[in-house]
Amino acid sequence: VGWDDTSWVRPRHRSLVKRLQRFATSSAWPQEHDVVLERLGTVAYVDHPITTGPALFPDRHGLLAWESLLVRLADGSLGVAEALEALQQPQPPGRLDLRGALAHALLEEAQRRERKAPAEALPLYEGLIRAGASTQVHFRRGRCLEALGRPQEALQGILDARALVPPAGRRTLARAGRRIARGLRRGFPPEPPLAKPRVRTLDLERTGTDARPCWTEERLPVEEAVLSWLGARGREGLHAEGRLWRSLFALVFADAYFLPIPGALPVPRLAGPLDLGTDAFRRRRGLVDERLGRVAAGHGAAIVADALDRYGGRRLAGLHPELPPAWLLRVATELPGPALARVLEALLVGRSRGLPDLYVGAGAAVRLPSHPTRLGADPLLVEVKGPGDTLSDAQRVWLDRLQRFGLAVELWEVRESPCAGPDVPPQLQG
């Protein structure tokens, strides 16, 4: 009622408005609907101090060059040589940094060329490596060199890259290196062995013909079907994956997010600092170490409860609002403090990809219809795999890491019940 639909932004001002949107949100691709949701009261941000830092661009020429790069990257008109050059240039911080998008576009182009002519893809892979490439780039470069009849170079490149990639990437490169080394009749230094989780096999009725199979009469995805099966036997669980741990991380370190660090909070309405997930986040070492110490001493639940009370209903980077607060409190209460602290510390500059699917809460020990006949009373982390699915390197590394942290971890392999039918109960075996 009373809405004035008169256009107040002239067409010649649209680029200026878009520029203001980008720098008001510190994002190269701002989401206009966030403003609408905030006005409707659906979304709220933490009221934090504004901490300015160095200028984003040295001069107007640098700003216009960045905007041109953004537009050409979005419309696909950016040349390969220009993209490689831009990848080497300084970029503004946080979500204004275009290097990730540039690297992704160059990797896609290199893979397209590799399928037709490996020799044309090789310079692209090497340019990406000079800019600080991912595991996949090192792997693809090795495959290109193999295809060009240069296995010695491929093997040496993989050996050199192992020191530059994260643990999961080292295992991926090690497999490629062993294969190349066998062809050259050479040895390859092995990776340290990983602890393997206990494996159980769960028989469930498969339903439907969808591309992603459904399970049980409720036609649930495999993780939800396993939770339903457990719930029918008196044990509650949560479909966790990385979102559970990212949410706990956000709540434990929420106060550290909004410390007045120069350049970290340059605009209002940020869900977290621009240096979150980087080594620079450790500039808050005093508060970070204090929080980790309190969690290790068993005060994690109190920290989480306090953060939920003070930051509840507001956007917090990493916090998934769909997770029930009661479960976040329960996990922080049930897990041993030292183990939870080590997981959170690993997430300071690490990635959550590969963390187990399910968190099975503590409860009464459950007798099962087959051997082993009981599920212990302690909390359990479970990675669920359906038929034909295998563990990724990131999952193997996290399963090993969590066991070393002192947490109970299992791998549950779901298979189609050989006697599918509503009267045949599923069985948990081990």
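Tutor: One term to begin with: axes are lines fitted to C-alpha atoms, for helices over the stretch in contact, and angles run from 0 to 180 degrees between N-to-C directions. This is a predicted model, where local features need pLDDT of at least 70 and side-chain atom pairs count only at pLDDT 80 or more, while totals for chains, interfaces and linings use all residues. Residues are numbered from 1 along each chain as its sequence is written, and side-chain values use heavy atoms, with hydrogens and water left out.

Student: OK, at what angle do α8 and α9 pack?
Tutor: About 150°, with the axes of α8 (residues 151–161) and α9 (residues 167–183) 10 Å apart. Over 145 degrees counts as roughly antiparallel, so α8 and α9 are roughly antiparallel to each other.

Student: Which residues make the contact?
Tutor: Contact means heavy atoms within 4.5 Å. α8 brings Pro 151, Ala 154, Leu 155, Ile 158 and Ala 161, and α9 brings Leu 173, Ala 176, Gly 177, Ile 180 and Ala 181.

Student: How many of those are nonpolar, polar or charged?
Tutor: Nine are nonpolar, one is polar and none is charged. Here Ala, Val, Leu, Ile, Met, Phe, Trp, Tyr, Cys and Pro count as nonpolar, Asp, Glu, Lys and Arg as charged, and the others, Gly among them, as polar.

Student: New topic: which helix gives the largest share of the second largest pocket's lining?
Tutor: That's α3, with seven residues. The lining as a whole has ten nonpolar, five polar and three charged residues.

Notes
Helix = DSSP H or I, 4+ residues; strand = E, 2+ residues; numbered from the N terminus. Parallel < 35°, antiparallel > 145°, perpendicular 65-115°, else oblique.
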